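Keep the 3D view open as you read.

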Amino acid sequence: MSGQDSEGVGWVYTVSSRSLLHDAFTSISLKRTLEQDADSAAAQHPYVVGRCAVAGDQDVEQALKAASKAAPEWARVPMERRMRLGAAFRKKLQEHEDEFLRLLVAEAHPIALARWELSCLLEVYSEESCSWYQRNMYAEFGHGGRRLQVRRRPDGVVCLNPPQNAPAPSAALAMLMVMAGNAVVVRAPRSIALSTMYVLRELAVPLLDELGAPPGTLNLLCGNPGRMLRQWVDSPLVNDIFYIGSVEEGLKLEQECIAKGKKPVLELAGNDGVVVWADADLEHAAEAIAECFYGSGQICMVPNYVVAHPAIADELIDLVAQQAARIKPGDPDDEDVLLSPVRRTERFFALLDQTTKLGSRLVCGGARIEADGNPSDTGIFLQPTVVRVEGLAHARDHDVVREETFFPLLPIVVAELDIGDDLLEEVLKFVNANEYGLRNSLWTRSPDVIDAFIAGVGNGGLLKVNDSHIGFLPYVPSHGGTGLTGGAFGEANYPMFRTSHLQGVAVASDVSPQREILGRKLDGGERSACDRSQ
């Protein structure tokens, strides 16, 4: 804050996630001991990865004041200069890849998924993407002796609340908001703060210093979410709140922001659908569908339900079950591991119980397992689980279809055989009726079906066709969506654009306003209506 570190009001420690698998008692005891006494000798235990200071109310207020002071000065910096941050930040991420991945693994991200998360940032800050952002931030035209501009102006002070499940990659999007000309305040989650602090404090802040950004352009705080969000909402210094989290809290925050005259930018839950048509490449479709099990489904943008054409449903379900059997639990630093521990499993079994009582069939999975893959009532992993749901008509009676579950639990809805020629239209209606709207995927070889989907699917911020559902690409958005995913203002989420606003500028040369509006200059010899009334 203001170019300085603060001791805060306490400390939070990161304990290696690997310790939870091999010595859970010691791991839990360490965290409890350090919460009670931050200066305890337990801080030297090899399981302890690092610590972050906890911000108090005064620290939050100081950060907001610093951002408010920096914002107008930083906004005056030419955009071309600010845009240099994109390539420089990408280079920093590549240079410090090993350390960044090490911290993500320490926070329970399987190494293969940590690399995927890094790949997102490398695409977001790629040369192609950054050049496209810049083209959309400013355009200039000539017209009738005028120089016309359409440009995006920074909103001012933006506060960013990243999610618990992937805070560091989400917090790294703050650099896009800074590139737009904003001053940004970022909250690192108390329970998982280290990687967030690392990627911004150690990688981003030095780049801002090199560029001569004013102190307070980027502020990092670790603290209680409810308390800090309350300060942000109530502060007259805050322009935007960029919230990534749960639907219930996000939609409530949206209304509070609007009431306070602030812009809410929401990145909430997803309930992504994959449609597999009769002519699809089923092997590749099954690979993409199995991405729903990555990270035990605790990733907002993985597939959450599948709609299968009845002609290929049996074969597809068999292939997905085979893929599910290859998704392994274990140590997060193991290259073959894709499952993450799931601490609260009651909801998983409640969802599974409800859907089977409504008539779905359990295809595979449905049990707790240990790190070695063996079933166990006390296992901290869940088996990748597939259920078959018959028919579109009542599919959303099943909570596993209607809602984001955040578990490795996949319903495959088999469309009715008797719909006939109207099947494509019914599937489009089904996809568009999803209350959420992050990503959708389609698998088909038919150009006509592809065109119909592109024209017909209005739900979601991204549509992928015959591709990885969770893969990242330049130009297209990495996040964002409609409905419960993005709130009333939801759309594809480009942080540079969402934290700025459009402004038009017209600069004229030797233009007569009277000729422009009336088509002539008023006769100087005539008295005005005001003169005649006197």
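## Cavities

Two cavities of 30 Å³ or more are found in the structure. A cavity here is a set of points on a 1 Å grid over the protein atoms alone where a 1.4 Å probe fits but cannot get out, and lining residues have an atom within 4 Å of a point. This is a predicted model, where local features need pLDDT of at least 70, side-chain atom pairs count only at pLDDT 80 or more, and totals for chains, interfaces and linings use all residues. Residues are numbered from 1 along each chain as its sequence is written, and side-chain values use heavy atoms, leaving out hydrogens and water.

## The largest cavity

The largest cavity has a volume of about 90 Å³, the space filled by probe spheres set on the points. Its lining has 16 residues, with V124, Y133, V476, P477 and S478 nearest the centre. The helix α7 (111-124) gives the most to this lining, three residues.

## The second largest cavity

Now look at the second largest cavity, about 70 Å³ in volume. Its lining includes S17, L20, A108, G330 and P341.

## A surface patch

On the surface, F141, V150 and L502 form a nonpolar patch with about 290 Å² of accessible area together. Patch residues have over 30% relative accessible area and no salt bridge, and nonpolar side chains are joined within 5 Å; a salt bridge is a side-chain nitrogen of Lys or Arg within 4 Å of a carboxyl oxygen of Asp or Glu. V150 sits in strand β4 (residues 146-154).

Terms used: On a 1 Å grid over the protein atoms alone, a cavity is a set of points where a 1.4 Å probe fits but cannot get out, and a pocket is an open set with protein on both sides within 12 Å along at least five of seven lines; lining residues have an atom within 4 Å of a point. Helices (H or I, at least four residues) and strands (E, at least two) are DSSP runs, numbered from the N terminus. Patches are made of residues with over 30% relative accessible area and no salt bridge: like charges are joined within 9 Å, nonpolar side chains (Val, Leu, Ile, Met, Phe, Trp, Tyr) within 5 Å. Accessible areas come from the Shrake-Rupley method with a 1.4 Å probe; for residues, only the protein chains shown count as cover.
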